[in-house]
Amino acid sequence: MPNPYADLFDDEEKKKPEAPDSPPVSNFDMQPPAPEDLVEPLDGILQKIEAFKQQGEQFSIFLSKTRAVDHREEANTEHTLLSLFFVVENNHGKANLAGEKAHFNLLQNKFRGIMDQMKDLALLHLEIVKRFNADINKQYYSIEKDDFQVKKEIEFAVDHIQMQRRILGEATRDLNMLEDALKATERRLKKWVDAGSINNLSASEFYLLQQNREELTSGKLHQFDYTFFDLNVVDKLAIRLGIYLKETTAQYFNQLSVAMDVR
């Protein structure tokens, strides 16, 4: 017997709207969107160089204000034959223990201030050298620039890497002068150990002063071997970096990574 409600159900099915077909998924639709601004490797290096230049200018002004050169002769004065027979004029007002300790703290603050900024610059220098070593060679090709412009910009980058080395090298010179002055102050402080009266310095306090100074001036506190940037080394590397050699920059990058305690 035919179903008397068949026509009713058929009408309901006919009234249902048809589901639209899903569009086919292509491989192109599944790819992540491409970045709008693609920076060429050399342009990225030049941007980092500009950042170093701006920070380096401020750092150079800071070095001028720190006046580490004021303490250059301080360590040498103690070792002159003249100082054995005459009282050398005290330019820093360190006539007692309090004066010596205040001077010691001043020298440490100057040293720490240079190290804080110098390490930031050295890390930026490391990144520039890393990118240069990885991305730039004699076969470097630019989509937007001709070979002559690329050559000039590579020379510009090499010149500024040398300039960065010189800035960091001059900072190392200042740190060396401050370290010598700190050691000279330590020797004077040692004379107050168990001296008695108001100028008495305990042996344990002197030991802690000396230990803290060594952690600072050795670079352990900042995990930074600043002596890598010694000016004598800069002069030699400036010649070697003047002509681009892949092996030279690779070796330099490895040594720099160790100095920055980068593993």
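Is Arg67 buried, partly exposed or exposed, and at what relative accessibility?

**View 1. Arg67 in the loop between H3 and H4.** Arg67 counts as partly exposed because its relative accessibility is 49%. The cut-offs are under 20% for buried and over 50% for exposed, with partly exposed in between (1.4 Å probe, protein chains only). Arg67 sits between helix H3 (41-66) and helix H4 (74-77). Its phi is near 55°, a positive value in a residue other than glycine. Most residues other than glycine have a negative phi. This is a predicted model: local features need pLDDT of at least 70, side-chain atom pairs count only at pLDDT 80 or more, and totals for chains, interfaces and linings use all residues. Residues are numbered from 1 along each chain as its sequence is written, and side-chain values use heavy atoms, without hydrogens or water.

**View 2. Asp194 in the loop between H6 and H7.** The loop joins helix H6 (147-190) to helix H7 (203-217). Phi of Asp194 is near 55°, again positive in a residue other than glycine. At 58% relative accessibility, Asp194 counts as exposed.

View 3. H5 covers residues 97-135. Its 39 residues should span 57 Å at 1.5 Å a residue, and the end C-alpha atoms are 56 Å apart, which agrees. The expected span is 1.5 Å times one less than the number of residues. Asn96 caps the N-terminal end: a side-chain oxygen lies 3.3 Å from the backbone nitrogen of Ala98.

**View 4. H3 against H5.** The two axes come within 10 Å and cross at roughly 165°. H3 and H5 are therefore roughly antiparallel (angles over 145 degrees). The contact residues divide into 14 nonpolar, seven polar and five charged.

Technical notes:
Helix = DSSP H or I, 4+ residues; strand = E, 2+ residues; numbered from the N terminus. Polar contact = N/O pair within 3.5 Å; in protein donor to acceptor, adjacent residues only side chain to side chain. Axes fitted to C-alpha atoms, helices over the stretch in contact; angles between N-to-C directions. Parallel < 35°, antiparallel > 145°, perpendicular 65-115°, else oblique. Nonpolar A, V, L, I, M, F, W, Y, C, P; charged D, E, K, R; others polar.
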